[in-house]
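I am keeping these notes while I go through one protein model. Each entry says what I looked up and what I found.

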Amino acid sequence: MNATATAIRSRTSNVRVASDLDRAQLRRFLAGLSPASILTRFHGTGFHPSEEMLDLLLCRALPGRALVVEDDGEIVGHAQWCASPGRPDVAEISIVVADAWHGHGIGTRLARAAIADARAHGVEVVVAPVLDGDRAARRLVRRVLPGAARQFFGEVVDYQARVA
Ligand SMILES: CC(C)(COP(=O)(O)OP(=O)(O)OC[C@H]1O[C@@H](n2cnc3c(N)ncnc32)[C@H](O)[C@@H]1OP(=O)(O)O)[C@@H](O)C(=O)NCCC(=O)NCCS
């Protein structure tokens, strides 16, 4: 690992649980995402970071948790897991990293932390919905959920794996 990679890793190594205090930061983070990242994270282009959407992304009143990675007080990555209605043992997991920070391992760290957190809260099966053409997300899923089964729903592939 070169000096830049080591510096980036140490600056962004802390994955922490997000709270309502992160609202303004999260809004800024989402506003800075490229259209491509919006599309691959939210599977559509009409995304608007409304207060209701921020509530969802902070898992307020949802059976799950949001995790973030920061650099210098600003969010550079967000992950969340959310249990399925009536199935506390099955959770969907989603991740997005600021475009300028792609490829530095933040997505992998967030994914592993979200899976571990979900497992600690009784989740046994994780589902990761990924757009079929999203190479980075596919590679990420293969790395953190090796052997995950795939189910196709149009352009969305649900990767499903047992984690407990
Ligand atoms: C998918 C995403 C979260 C990965 O985050 P990241 O911090 O770049 O991930 P990492 O650095 O940990 O790399 C994970 C894998 O993605 C690969 N990757 C990262 N950026 C890539 C790119 N632009 N093109 C192809 N592969 C890429 C890495 O090489 C790595 O694969 P490897 O383990 O085989 O080497 C990030 O690209 C992103 O935010 N995309 C937009 C939202 C999204 O697609 N979310 C997933 C669905 S919820």
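**Entry 1: the whole chain**

What share of the contacts in the protein with a separation of 6 or more comes from residues 24 or more positions apart? I found 61%. I note here that the model is predicted.

I then looked up the secondary structure. The protein has six helices and seven strands. Along the sequence they follow the pattern α-β-α-α-α-β-β-β-α-β-α-β-β.

For the overall dimensions, I looked up the box filled by the C-alpha atoms, which is roughly 40 × 40 × 30 Å along the principal axes. I also checked the radius of gyration. A compact globule with 164 residues would have a value near 15 Å, and the protein has 15 Å, so the two agree. Buried residues make up 32% of the 164 residues.

**Entry 2: the nonpolar core**

I looked up the largest nonpolar core and found that it has 40 residues. Leu 67, Ile 93, Leu 110 and Ala 114 have the most contacts inside it. At least two residues each come from helix H2 (23-31), S2, strand S3 (74-84), S4, H5, S5, H6 and S7. H5 supplies the largest share of this core, with seven residues.

I followed two of these core residues further. Leu 67 touches Val 15, Arg 16, Val 17, Ala 18, Ala 79, Leu 110, Ala 113, Ala 114 and Asp 117, if residues up to four places away in sequence are not counted.

Ile 93 lies in strand S4. Is Ile 93 buried or exposed? It has 25 C-beta neighbours inside 10 Å, so it counts as buried; the cut-off for buried is 20 or more. Leaving aside neighbours within four places in sequence, Ile 93 is in contact with Ala 79, Trp 81, Ala 114, Ile 115, Ala 118, Val 126 and Ala 128. I also looked up a distance: the C-alpha atoms of Ile 93 and Gly 46 are separated by 21 Å, and these residues are 47 apart along the chain.

**Entry 3: the ligand shell**

How many residues surround the ligand? I found 22, and the closest are Thr 40, Gly 107, Thr 108, Ala 136 and Arg 139. Helix H3 (35-42), strand S4 (87-97), helix H5 (106-120) and helix H6 (135-144) are the elements that give two or more residues to this shell. H6 gives the most, with six residues. Sorted by class, the shell has eight nonpolar, nine polar and five charged residues.

I went back to H6 to see which of its residues are buried. Ala 137, Leu 140, Val 141 and Val 144 are buried. Seen down the helix axis, the buried residues of H6 fall within an arc of 100 degrees, so they line one face of the helix. As a reminder to myself, an α-helix has 3.6 residues a turn, so residues three or four places apart point the same way.

What do the buried residues of H6 pack against? They pack against H3, H5, strand S5 (125-131) and strand S7 (156-162). On the other side of H6, Arg 135, Arg 139 and Arg 142 are exposed. Arg 139 is also listed among the residues closest to the ligand.

Cys 59 has a positive phi of about 60 degrees although it is not a glycine. For Ala 61, phi is near 65 degrees, also a positive value in a residue other than glycine.

Where is Cys 59 found? It is in the loop between helix H4 (51-57) and strand S2 (64-71). Ala 61 is found in the loop between H4 and S2 as well. Cys 59 has 18 C-beta neighbours inside 10 Å and therefore counts as partly exposed. Ala 61 has 7 such neighbours, so it counts as exposed.

**Entry 4: Arg 23**

My last entry is on Arg 23, which has its place in helix H2. Arg 23 has 17 other C-beta atoms within 10 Å, so it is partly exposed. Its contacts, leaving aside neighbours within four places in sequence, are Leu 54 and Leu 58. The C-alpha atoms of Arg 23 and Leu 39 are separated by 21 Å, and these residues are 16 apart along the chain.

Notes
Residues numbered from 1 in each chain as written. Predicted model: local features only at pLDDT ≥ 70, side-chain atom pairs only at ≥ 80, totals over all residues. Near = placed C-beta within 6 Å. Helix = DSSP H or I, 4+ residues; strand = E, 2+ residues; numbered from the N terminus. Nonpolar A, V, L, I, M, F, W, Y, C, P; charged D, E, K, R; others polar. Buried ≥ 20, exposed ≤ 12 C-beta atoms within 10 Å, placed from the backbone. Arc of directions from axis to C-beta. Contact = placed C-beta atoms within 7 Å. Rg over C-alpha atoms; globule rule 2.2 N^0.38 Å. Core = buried A, V, L, I, M, F, W, Y, C linked by C-beta atoms within 7 Å.
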